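Trainee: I would like a close look at a single part of this model, followed by its surroundings.

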Amino acid sequence: MPATDQYLRNIKKVHVVFCLSAIAFALSTVLILYRDHDDEWRGYQSDFDAIETAVARNAITAAEVEAGGSAEAYTTKSLELKERISSIDSQLATSNKNYSELSSTVAETARLYDLKGRDVRFKRADRDVAKANLDLGIRDAVPADEMDQLTKAFNDAKSIVDTLELEWEQLETRYREEQKELQEITAERDALEAELKAYTAQVARIETALDDIAPGSTLKRFKRGFMELPIIDGFNGHQRVIQDWLPELKITLGMSKTARFDRCRTCHLGIDKFGAGNVPSFPHGETQDSSPTEWVAANEFPHPFSSHPRPDVYLTASSPHPLPEFGCTICHDGQGSATSFHNAQHGPNDPKQAQEWKDEFGYFHNHFWEYPMLPERLRESSCLKCHHEVIELGVNPKFGPTAPKAFEGWQLIQKYGCFGCHEINGFDGHDRIGPDLRLEPTIEELPKYASDPNMVPGKMRKVGPGLKHIAQKSGENWIAYWTEDPQRFRPSTRMPKFFGLSNLKDHAGIEISKVELAGIAQFLSHQSTDIELDSPAANYVPDAERGKESMAKRGCIACHQHADPAFAGGDADFGPDLSLTAQKLLPGQAGFDWVYTWIRDPQRHHPRSRMPNLFLEPVVDAEGKVTEDPAADIAAFLVGNGPKEWPAPEFDESAANDLAELYLSGKLLTAAQFKDFMETRVFPLAREEIKGDEIELVFDGEGAPDENQFRTLMMNYLGRRSISRYGCYGCHDINGFGTSRPIGTALQDWGRKDPSRLALEHVAEFLHHHGEKDGSSTAAFVNDALKKATADAFDSEEEREEAMRTSFFYDSLMHHGRPGFIFQKLRHPRSYDYEKTSTKTYVERLVMPKFPLSDDNIESIATFVLGLVAEPPSEQYVYTPDRRTEDRNQGEILLRKYNCISCHMTDMHEIEVAVSDGDQAMEPTDASAFHGFALEKLLEIRPPSEAWTGRDHRVVVDGEDDQTLPTMKFRGMLMMTPENSPFYDEDDPETWQYSFTTWEPASLTKPGSEEDAGLKLPGSLFVTQQSRIAKLKKAETGGFAEWLVRRSMGDEFNPKAFDDAWQNGPPPLFGEGVKVQTEWLYRFLREPDQIRYLKTGLRMPKFNMSQNEARILANYFAAADGAIYPYEAIPQSDQGYLAEMQELFSKNHAERASENSYLQESWQMLSTTLCIKCHSVGGREFSAAPNDPNVTHAPNLDRVNSRLRPDWLSVWVSNPKWITPYTAMPIPFPKGQKQYNPLFGADAESQTIGVRDALMNYYRLLEKNTEPLPPWRDPAAAAAEQASLN
Amino acid sequence: MRNLTTLVFVPAALLVVIGCDLASIDPGGGAVSQTTVSVRGGVDAGPVDDTDDTDVAVATGEPGSLTGTILFDGPKPNLAPLVGKGTSRVDSAVCAADEAIPDESLVVGDNGGIANVFVYLAKKPSGIKFEAPEALAPLDQQACLFKPHTLVFWSGIEFELKNSDKVAHNIDAKPAANAGFNENMPPGASVIKSFRNTEALPFQSTCAIHPWMRFWTLVVDHPFYAVTNAEGKFEIPNLPPGKHKFRVFQERASQLERSIEVVVAPGKPTTVEWKYPPSKFGL
């Protein structure tokens, strides 16, 4: 059909429409271009340019000031130099005819030289070709004529090159001569130019850098601006997305794993900028200022411009997490590929921040991104992806605690035994997937582990006491009373509360709870078996008062507390508080014997007890009568006024029947069977057919049980069934539960649990009405907290943090978040049953108990649990320490497991003091007063630390001018403090003093200084004013040792009493690794023998430790101190060494060599002179009683050769105070002291070495000297005596 | 009374012999030591800096002195010897061979005076320069006893420690403000030591081989101190007149007085008598 006018549109209209749509399209194209180009990050990059510009300008000013004293002076001087140069130039041009002539000659020669050079290079190439052809000809043995040709070609080319090279050389010489001539004329100007260059070098360098960001010339500025335009910017513009590609660090997106792209640095531009010494170039600060110049002036930068904290740990090349390898999102989570604030899935730290982000960036909670960025409060979670052993996050000699919150969560889980119900399996087969917290196998489970090599057994012990023999300790009434509400009896208990919680407040809840409590008490007594109990000697009368003293001195307070004022200040909570022990015991001798046996031999009661054997052996006199039985005394003190009467549990029988019906009817039995059973009392199933708790219902006697027997059976059953339901066996050993599995959800991947599977039920409603400690509404609290936060109306930062924490987790819960769920679960475990009790039967209700945890604790636990994701990255990213670090880490775990760190200091106090010239702290030790070889050994086994910190401290003293002084740092022992100072005067700051004794050598030489300022050797004491102390970091270990010292020294510091107290307390283990032989330590840990006889009676207890644990601990000390292990050499007992020493001895002490061999002389030194005055040695037994105050009972020297490392021993026998400043042992053979003549010619150094070698060859010498040698006597005195007798 | 612009001028050459009456100290229990505790100290005539806060409120006038007696307010205690004659388990040929080792922790004279009590100005009076003594009395070890039982050293001045016994001893010095030391001392040995700093309280030194042996040392940097003699008497001469705060220390009681105020009259002795009950000494 042909087109007609009707068919065609009005052409004019069409043109209009076309025009308008063309304009619309053009505009939308522009809009698209604009919107596409209008990225958030471009703004940040521009801002960062402004920051860098301001920084560079400041740096220029600083460089100018540094060069010239002030910016003005700098400008003046550089101008002056320039002027002088130009004036010389013009002067030369006008007044020196030669100059212009010479200049052009030089330029001409230079030009000719260059030209010639080019020729030379070309001709050399020709020559090289000819040479190569000739070589090929020789190789291919070409005919002679061809060879001649090739040779000729080469010779020709060579002669051309030689000629040209000669000419070139001549030109060079000419150029140099002419230039020299010219330089003579321009010498002054050249010098000035060099001066100007040096003077302006620093400034020029920064100016060049600045010119790149903020160009000085308009053209450059225009070019830079032009390059920022849409599309143009695609051609290598300076604004661009910065991305880190991490192909090995995969991210799970949907169902697949893919390489990770982190584009975070596109906006976080200063994040990896650090200056020399890893100092952040853009330190973070929540500044109120809004312009880059202000930030630079304050040196505080807001996000996203600030540098990452802790560059020693993160991002830098020298840190363990360099940016190019780790990127950002592996730790922070969120969407790394995003380039906008919101898409990156930033996670607000509290709802207040969320509100601010909403206002500023349009933030909203995005359900669709599963793993948004971790908020600050939960940030440490992700460390657990790679740090499976956790310990290194809390205890780290290099970095200190790097993830203290996750570490605390880990510790709390161990402390409260969460893994008893919620297994955290760190293994998938043998592959490590995360932290591992599982119960160790029970005796019943051991065969299963033995038969399956693919099963890795758990390591954790049950945290509660064993209940297999509970009937010998407590009665049923107490058990019921305790179980109902453990904190009511002992407020400090870790046992959670199961009963009386919010989902048990209805009638059924109350009545059936009573049945359960009675049943549990009855069943626990019923399952209990007897162990043999000991009693003190028949005629021994225990002394409670002495028991109290023993309790303090023998180490009980290292783990336990007691309310008696005698133990004031002892705050250990490793074991239970013992204040009310008496009340729960069986009355009379039974209760006493139980405590007595428990104290004497804890393993008898519970084979896996963490309580060690303290060797509280009775002291027996010559006639065999017990004069002191510390265990009996302590038991007498603990039993005190005897047990208390506890009410018998009461319950309604119908409630018991109801409970039985809930458990049995319609389950193991049909409803009819159950009815029949309740009437006939005969359980319808035979014993063999029953696998579960119903076994308790089978009557063993003839026929049917009578009414009472049936009631007993039924209560045993209900008790046992309740124990199964509550999972009591997760913490306690109970007979019959050896193979029962933990009842709770496994947590190893809980951090990735699908939030849709979290049963939130009516918790929002609960929190609307309840939820806070006082029962008030959490929702209202949060609402109020947010208002307060907006108005900034909190009284303190702590209060704000508390409120924001609650608000954060509440908000998370409202968004169905995992963090909110776990927080609420631990805060109010049964709140998820709110308004559910009407639809749930009693046995369907939640059983999670309530633990005595603070919100702070809960947050730590949440941080840990949320980090359990079971998604280990590829192997190279998983923290795999070297052998030494691994041993140290595992050792740190054991030190805590057995609470070694309560008795023993393993770290020392650290003090940082401001010093000025003449201070005692700055004074080096006069090393010349000591044997040189010993000092050498000392510095080998304890390398000196750097005393100067490079930091300053502002010292403020009343009435004096403030002064800022450099600081020094030392490790050692804090002695006197203002609190214990006997002359402290509140009004006199001069008396606010601290004294400190160093325990390790410290170099006093300033880093980089050439002047040797000497060493401060261990055992140096200095006193410092309080105002001078920049930092005092108390040791985190050895709390009990320090408590015991304070107790025996009294409130007032007294150096002698202080040293005495330390000599009689648990020794610090600082440097233990370089002291003892690893193998000896292993044996000692397994079977500790008594080394010292302390006045306190204290000795190393025997722990319930496996061989492997003892091995790890023994290795730990060597690993921590950098000592060689597990096998160490004892060169002093090698034949070669001894032969060498013998030779030296014959040479240096010829007069003695005729009488004694080297070793025999050493033996005489050891066994006849000084050592025997205090030590048992060479069969001369020390005869005095250990507590005789008039003798010093030092350790027997017979174990030295197997116990001590020879280098350590060298130091010890030379100067014991270098090792243990408080020791009573004197320097036996001081340098320069002529004594014990003629042994070793009375040379103290030879005597010292001799004694060491005699000790290291002890048994060899003992075999040769079966009779003790006669005591040494001064030959002169002996002769004089003889003469007087004659 | 704090007008310090005029000052007591005392000839610099004046030699002050502390405790002329204390020349011989009875350490109790019989053996009489011949050792004298004499310290020379000169008071320099320099102007006093009156801006310095000091406990010594010096008045104008001639120097005075403080004499006094420290008395035991109870019957003379009878402390059992530390080691009975001939019962020592260590070095029995020398230690307690002829006589028992007395308990010198509290020595009370027949007049009730307590010996070996330190009386001293706790703080060096500022603005007055003192000339340190040229030599300090040595300490000796005889018959497994330190002689004397109490003595005073000056900071920075060397002193001698001797062992006249036929057996080895060691001196485990445990000061609070100085580095301690502990070296074996064979028979006849002698060592020279010095303390860098003053000590706020006398401190105890012992012998590790013979744990009953002990002596007490105060380290000072001014001459205003004394140790009581066998009758409990002491004298601190040459004191600037005015108000002074003294510390009184006895080894068993520790600080009998932390800071006792005495106004010293110019040009004449000021006498005090301080009496302490047995409870102060743990009796």
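Is the link of Cys95(B) and Cys144(B) left-handed or right-handed about the S-S bond?

Mentor: The link of Cys95(B) and Cys144(B) is left-handed, with -55° about the S-S bond. This is a predicted model, in which local features need pLDDT of at least 70 and side-chain atom pairs count only at pLDDT 80 or more, while totals for chains, interfaces and linings use all residues. Residues are numbered from 1 along each chain as its sequence is written, chains are lettered from A and ligands numbered from 1 in the order in which they are written, and side-chain values use heavy atoms, with hydrogens and water left out.

The sulfur atoms of Cys95(B) and Cys144(B) are 1.9 Å apart, and a disulfide is a pair of cysteine sulfur atoms within 2.5 Å. The pair links distant parts of the chain, 49 residues apart. Cys95(B) sits in the loop between strand 4 (64–72) and strand 5 (118–121) of chain B, and Cys144(B) in the loop between strand 7 (140–142) and strand 8 (145–147); strands here are DSSP runs (E, at least two residues), numbered from the N terminus. Both Cys95(B) and Cys144(B) are buried (under 20% relative accessible area; exposed is over 50%, partly exposed in between, with a 1.4 Å probe and protein chains only).

A search over all chains finds 1 disulfide. In chain A, Cys331(A) has its closest cysteine sulfur in Cys383(A), and at 6.6 Å this is too far for a bond. Cys331(A) is partly exposed, at 28% relative accessibility. For Cys386(A) the closest cysteine sulfur is that of Cys331(A), 7.3 Å away and again too far for a bond; Cys386(A) is buried, at 10%.

Chain B also meets chain A: 39 residues of chain B are in contact with 42 residues of chain A, contact meaning heavy atoms within 4.5 Å. The two chains bury about 3100 Å² between them, 52% of it on carbon and sulfur atoms; buried area is the accessible area (1.4 Å probe) that two parts lose on being put together, summed over both. Lys174(B), Asn184(B) and Arg196(B) supply 20% of the area that chain B buries against chain A, more than any other three residues.

Across this interface there are 6 salt bridges (a side-chain nitrogen of Lys or Arg within 4 Å of a carboxyl oxygen of Asp or Glu). One of them pairs Asp91(B) with Lys1173(A), the closest N and O atoms being 2.9 Å apart. Strand 12 of chain B gives the most to the side of chain B that touches chain A, with 4 residues.
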